[in-house]
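Let's walk through this structure together, one part after another. Have the sequence and the 3D view at hand as you read.

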Amino acid sequence: MSNVLPKPVLRLINEFGRLPGIGPKTASRLTFYLLRGNDAGLAADLSAALAELSENTQYCTACHNITEQNPCEVCSDTERDQQVICVVEEPLDVVAIERSRMFGGVYHVLHGALSPVEGIGPDDLKIGELIGRVQQGDFREVILATNATLEGDTTASYLQMRLADTAVRVTRLARGLPVGGDIEYTDEVTLGRALEGRRELK
Amino acid sequence: MRLTHLSLTNFRNFGRLDLPVGAGVTLVHGANAQGKTNLLEAIYYLATTRSPYTNQDDQLINWDAGYEGAQVVVGRLVAHVDTADGTRHLELRLIRELKGHKTTFRREALVDRRKVRLLDLLGNLRVVLFVPTDLDLVTGSPASRRRYLDITLCQRNRHYCRTLSQYNKILEQRNALLRQMAEQGTRNNQDVLDLYTQRLVEAAGQIFAIRARLIDTLARDVQRIHYEQLTAGNESLRLLYRPRLAGSDVDETESADWLYNHVDNPTIIAERMQTALADTLSYDIRRGATSIGPHRDDWVFQVNGRSLRHYGSRGQQRSAVLALKLGEIAGIKADTGASPILLLDDVMAELDGTRRQHLITALQQMPQAMITSAETTIFPPDFLAQTEQLAVDGGRVHSVI
Ligand SMILES: Nc1ncnc2c1ncn2[C@@H]1O[C@H](COP(=O)(O)OP(=O)(O)OP(=O)(O)O)[C@@H](O)[C@H]1O
Ligand SMILES: [Mg+2]
Ligand SMILES: [Zn+2]
């Protein structure tokens, strides 16, 4: 099919194909959908959205989350507790924690986790920035909310070590039973961690 | 526990197979390259989530499955298993997907049509497989002995399996870090290395302890069967664990003795390994690999106090492997109260008359067994009269009456 199609069409198919989860077939389908123009204005809206994505987003210099304004909305919100930092791996983790509505502090986005296999060391993450922020700012608590994977856990241990000689309190998210989960069907690792993280009731 | 039905889609040379499986012994025969081994492999794979022949599981999907350039190709294995608490439905899916220019491969496991982790499939169907190449366990590489041991022990202990897979992940990360340290120097990496080392030895302490215990029970069964049934009290076989928890300067037997004295205390085991790792650190950085740990373990057979590998006759080696298999069966029975399914691929032709007779006796005592052979003439007529027979022909299976 390649040489009968005009170059702009091929180019778009090619660009779509570079996205994760999109194969050559889906890429062609999306391209022809846009080309037929059944949905008036979709192609124009899409291209405007793409342009805005690169022009109007930046990283917050305080927390390193993606944002339109710098510092970001969370960091400049005086209603929020600016003395508690929640450390996460990715911007989407911030979204997830915000959805829980249980956290009113600020964030620090590392942009990944330690993983020698992928060549990611401490210098490749926003770790130095976190240490600097804690040393210079006025913080009560750092909550380590990295993933419960080997990489996330190791990153948390590393941060704990680096923060050991600061005065701030360092905590780690509790790991426990999934809501709706049956104890009988919970594996022993999860169950063991849930027991470790149990809470006083009376 | 009994397998009542097996269905395969795009597994090896089976495009589509629906097979009711009977109790007792089933003899699977057919000419070479028709799918006998593949059939037993499928059952083994559902029980252990591992192939005895390959680590590249995408090879198990049928070559001809899907059309040229298909986006998704799925191989499916489904077993119905009768257990004390009713019928279980076990399913494994092998999924190959084309994403952009890359092909990805993943697996899904389902128990009673609910998605579970692969690990949760273990223990629902238990098998003991005996293939001609098992005879090389005595003389082959430590890696093949470890692989055999891990699959066997994973069937018996899920906690072991989970810890082992965690250990392997940590090891992979640690080795990657060692390679980086060789290139970039140790300065910035030392702290991270310490964290991985800490995690590695914690997991290793558990694995050493569990392996020591499990090998010990397996060894008891194997030794008893060998002595009582196979050699009529003439030879004493020993199966011994050779843990790599110290540097090569420490005698292997000494390491094993030390381990058995500390088997109840994984923390002490971890500490000992940590000390040993500190001693080999500069060597390990140069090699870019961790030289101490359960990933370097081995186990050996001795007959009458001498290494079976070095001094045993071929016949003695065969008896030891036969005892190992019968020991596996005994162990699973003792653990779970139920017999595993015995799968024998082509081994009859490899054994001499007396050992063949031992195996046939064991076979007839099994609630369920499946045995393959290109020939039916090597079996005694009374045995043939009692077995159900299936003929395999180019990936199709028919029952023979
Ligand atoms: N992924 C696959 N897709 C299709 N066919 C395959 C695949 N893997 C292996 N085969 C084929 O399956 C055929 C049957 O193999 P199998 O080992 O089961 O034969 P067998 O009946 O045990 O023969 P033998 O008596 O020689 O041991 C082989 O010809 C092999 O090429
Ligand atoms: Mg075969
Ligand atoms: Zn911010």
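Around ligand 1, helix H1 (residues 36-48) of chain B gives the most to the shell, with 3 residues. Helices here are DSSP runs of H or I with at least four residues, strands are runs of E with at least two, and both are numbered from the N terminus. This is a predicted model, where local features need pLDDT of at least 70, side-chain atom pairs count only at pLDDT 80 or more, and totals for chains, interfaces and linings use all residues. Residues are numbered from 1 along each chain as its sequence is written, while chains are lettered from A and ligands numbered from 1 in the order in which they are written.

The shell of ligand 1 divides into 6 nonpolar, 9 polar and 3 charged residues. Here Ala, Val, Leu, Ile, Met, Phe, Trp, Tyr, Cys and Pro count as nonpolar, Asp, Glu, Lys and Arg as charged, and the others, Gly among them, as polar.

Now turn to two helices of chain B. H3 (residues 158-184) and H4 (residues 190-230) pack at an angle of about 150 degrees, with their axes 9 Å apart. The axes are lines fitted to C-alpha atoms over the stretch in contact, and angles run from 0 to 180 degrees between N-to-C directions. H3(B) and H4(B) are therefore roughly antiparallel to each other (the term covers angles over 145 degrees). Their contact divides into 14 nonpolar, 5 polar and 2 charged residues.

Finally, find the open sheet of chain B, where 3 strands follow the order S9-S10-S11 with antiparallel pairing. Strands pair if DSSP finds at least two bridges between them. At the edges lie S9 (237-242) and S11 (306-307) of chain B, each pairing on one side only.

Note on methods. Parallel < 35°, antiparallel > 145°, perpendicular 65-115°, else oblique.
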